[in-house]
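Here is a short briefing for a first look. Take a moment with the sequence and the fold before reading on.

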Amino acid sequence: MTTETDPQEDIVFNQILKANAESTQHLREGDILMTRSRSAIGCSDHSCLWPQSNDGTVRVPYVFSADYDELHIQSIHEAMAEFETLTCIDFVNHTTESDYLSIKSGKGCWSYYGKIGGVQIVSLMKRGCMWKGVIQHELNHALGFLHEHARSDRDNYVKIMWEYISSGSCSFFLEKKVNFKKSDNSNNLDLQYDYSSVMHYGINTFSNTPGKATIVPIPDASVPVGQRYGLSNLDVAKINKLYNCNRCSTILNGPSGSLSSDNNPSKHSGNATCFWLIRIPSKQVSLNFDAFNLQSSTDCNTEYVTIYDGISKSSEVLLNKTCGTKTPPTVTSSGKIMLVEFVRGGTGAATGFKASYTSVIFPTR
């Protein structure tokens, strides 16, 4: 749930720029606040990463300012839930930790880059920043991620149209061409460039001429850039790689599609837990199993599929732990999001499952 109407015509970073129009902060690249001790964006020695616990979880403590109401807090929690479901990042209520995020409704949407030590502000203004993608963008900065266009290898994927970038400066941006500078010390993690990252500028960002792009994909200028809905699969992959998360997770954004256990229809081996977050643009999700062959066990504790009506395992359960060879019934969500969990237990003759989903209008319950 969001506290504002989600403007489908605009991408995440355009919303951030609108919210930051009256900010008095000196922000790098439009929404990154720098510390006095860190002149460059980047931390090649991993000093700005949040620590990983022995159980593999990266716990990031936070507190909310008192001026958020219940709906604002719910919006931020829903944005956090995608990180927690798909990665090993776990946002936890601050208790006694010395390093933590102070999430408050400042002027605009902005964050420091990575863990800076002590109390660090993430500004999520109540009117302007309460969209999931915007919240995730700023939290991603706090986790240590750059804007995608600033990668050291970006010239292989986009052309910066310097002649169309606004000159001069204003209250909240430094000289605008600085915002398009490559980071020499970016950690690209040996993962491909992501035009659909929640961390990507829009094609017209800081343009001085209406209709003229400042960022053009190459070699195909028609490739869509930026998005509206939240973390991309590569955003998730980058978090999991940077923080050494042992997670198996996939986001499915299309109005229809399919998913299957890793080796279907072959036999599989080894333990694994995988999640598919189905996040369609509109209507509701209807999922149908095309093949289903899982190990049978008491209470389905060894191997099973569970389906949730929402973004996390705390959401309402639509299909409780199910195993064996009997095909489960079609499952329909109450909204645009469905989470599928598959737990695979050891070696067996079972061949897993295959399922397909579509967007439907489901009768009101």
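Which residue just after α4 takes a positive phi? N244 does, at about 55 degrees. This is a predicted model: local features need pLDDT of at least 70, side-chain atom pairs count only at pLDDT 80 or more, and totals for chains, interfaces and linings use all residues. Residues are numbered from 1 along each chain as its sequence is written, and side-chain values use heavy atoms, with hydrogens and water left out.

**Helix α4**

**E138**
- UniProt lists E138 for "active site" in an unreviewed entry; such annotations may be inferred rather than shown by experiment.
- E138 is found in helix α3, residues 132-143.
- E138 is buried, with a relative accessible area of 0%.
- Beyond its neighbours within four places in sequence, E138 contacts residues including D31, S111 and V122.

**Strand β7**
- Strands β5 and β7 run parallel, joined by 5 bridges (two strands pair at two bridges or more, as found by DSSP).
- L101 stands opposite Q120 in β7.
- Strands β6 and β7 run antiparallel, joined by 3 bridges.
- S111 has V122 in β7 as its bridge partner.
- The β6-β7 hairpin has 6 residues between its strands, and G114 in the turn has a positive phi of about 70 degrees.

How values were computed: Helix = DSSP H or I, 4+ residues; strand = E, 2+ residues; numbered from the N terminus. Buried < 20%, exposed > 50% of the residue type's maximum accessible area, 1.4 Å probe, protein only. Contact = heavy atoms within 4.5 Å.
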